[in-house]
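Have a look at the sequence and the model first.

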Amino acid sequence: MKALVFHSPKHVSVDTIDTPVLEQATDAIVRVTSTAICGSDLHIYNGLFPQTRPLVLGHEFMGIVEEVGSDVRKLRPGDRVVVPFAVACGSCFFCERNLPGHCERSNPGHYGPEGNVISSKGGGLFGYTDLYGGYAGGQAEYVRVPYADTGPRKVGAELTDEQVLFLTDILPTGYTAIDWAGVRGGETVAVIGCGPVGIMAMKCAWLRGAARVIGVDREEYRLERAREIASVETVNVESGVALEFIRAATDGRGADACIDAVGMEAHRTPLVKISNLVHGQLGSFVAFKLAVSAVRRGGIVSVVGVYGVPYDNFPLGQLFDKGVTVRFGQAPVHKYVDQLLMWIKEGKLRADDVITHRLPLAEAPRGYDIFNTKKDGCVKVVLKP
Ligand code: NAD
Ligand code: ZN
Ligand code: ZN
């Protein structure tokens, strides 16, 4: 089969590799009909998450069940499914607590309580390096889906692939950000980052009754997209007045909730690059720092942007003085996916309007390049195997 294989930073190619087969009685093989490139894939593509052996990438995918193992009860060949990005057993301590990204069984090689690159990480993820289980991902014609009774959700023929594809990750991730931020109605929510995840968070903020939603980014075309499809006010962080804008909108107090939907690959100034070298650090947490400054006292900062390493100058004192609650982590997609699917069916939520590029799988390397370099007005790339 054909699949997008990561070889080394910035070097991905569409290769012919063995088609996956059932390995466990609880596996399914899915023929992928649509898959997307995520901001999280860029962390591998740009070398911030190390991967030394070739690996098929992709954790946002859906398709048709081809084959199921003898212990699979809920799926049959021919079922059309969307598959959450975490590989989760469904029955361990963490799965039972609705924390599928922390599954104790799906990453036997590198799992543990510490949570850093050297000693241990969380549960398995599709197409997300050997640190997270080394599972081949879904930017491919076929993919092996372990614990097939736990993750995949069946979807009806009345919905198109594009309407439901983002249930695998970015829509539940946006929803997670807003749920963690405790949005119940009437709040001012500032979303740092107007990429696909940030835009989903904005849509979910409105759904949960926010009174005012402000989008922040440094790319004018992404701010424009956020205004267009998420009906938010926006401010460009490069203007230097994003913080003042958010405070001015809230009588000087700051937003009730700030979402960091940027993560460690925030744009780095030359000064940050020098500081990275001096401190031996990767990436930047400027987006998080803006969120901490822009949130009101007693407010909540909800971080879904991905971070991978420790940072000096973490604003501990500021968080303490302001009494800020911070929530971090991978989205528990399994927890929210059914409700979100219902809202899509009912027409309360729409996610497909972030798509700017549709490419055949064969052109996936070009898709990575235009998404990574933000060429051609790119917001979200969907690949068709
Ligand atoms: P993306 O790269 O398309 O979006 C990031 C956006 O941040 C871009 O629009 C960029 O212009 C903007 N940006 C860069 N520097 C900025 C700054 N200093 N201030 C404000 N905006 C800035 O990626 P995405 O797909 O939207 O994903 C966003 C983040 O969410 C990534 O870190 C990704 O890994 C993470 N993510 C997390 C989860 C989860 O489960 N927690 C799931 C999916 C994605
Ligand atoms: Zn993703
Ligand atoms: Zn588990």
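## A covered helix

Helix 9, residues 286–294, is mostly covered, with seven of its nine residues buried. Buried here means under 20% relative accessible area, with a 1.4 Å probe and protein chains only. Those buried residues are Ala287, Phe288, Leu290, Ala291, Val292, Ser293 and Ala294. Helices are DSSP runs of H or I with at least four residues, strands are E runs of at least two, and both are numbered from the N terminus.

## Ground rules

This is a predicted model, where local features need pLDDT of at least 70 and side-chain atom pairs pLDDT 80 or more, while totals for chains, interfaces and linings use all residues. Residues are numbered from 1 along each chain as written, chains are lettered from A and ligands numbered from 1 in the order written, and side-chain values use heavy atoms, leaving out hydrogens and water.

## Around ligand 1

Ligand 1 is surrounded by 33 residues (a heavy atom within 4 Å), and the closest are Ser40, His43, Asp217, Arg222 and Ala331. By type, the shell splits into 16 nonpolar, 11 polar and six charged residues. Helix 1 gives the most, with three residues.

## Polar contacts and cover

Which side-chain partners do the ligand's oxygens have? A polar atom in the Asp217 side chain lies 2.6 Å from one ligand oxygen, and an N or O atom in the His43 side chain is 2.7 Å from a ligand oxygen.

Key:
Polar contact = N/O pair within 3.5 Å; in protein donor to acceptor, adjacent residues only side chain to side chain. Nonpolar A, V, L, I, M, F, W, Y, C, P; charged D, E, K, R; others polar. Buried < 20%, exposed > 50% of the residue type's maximum accessible area, 1.4 Å probe, protein only.
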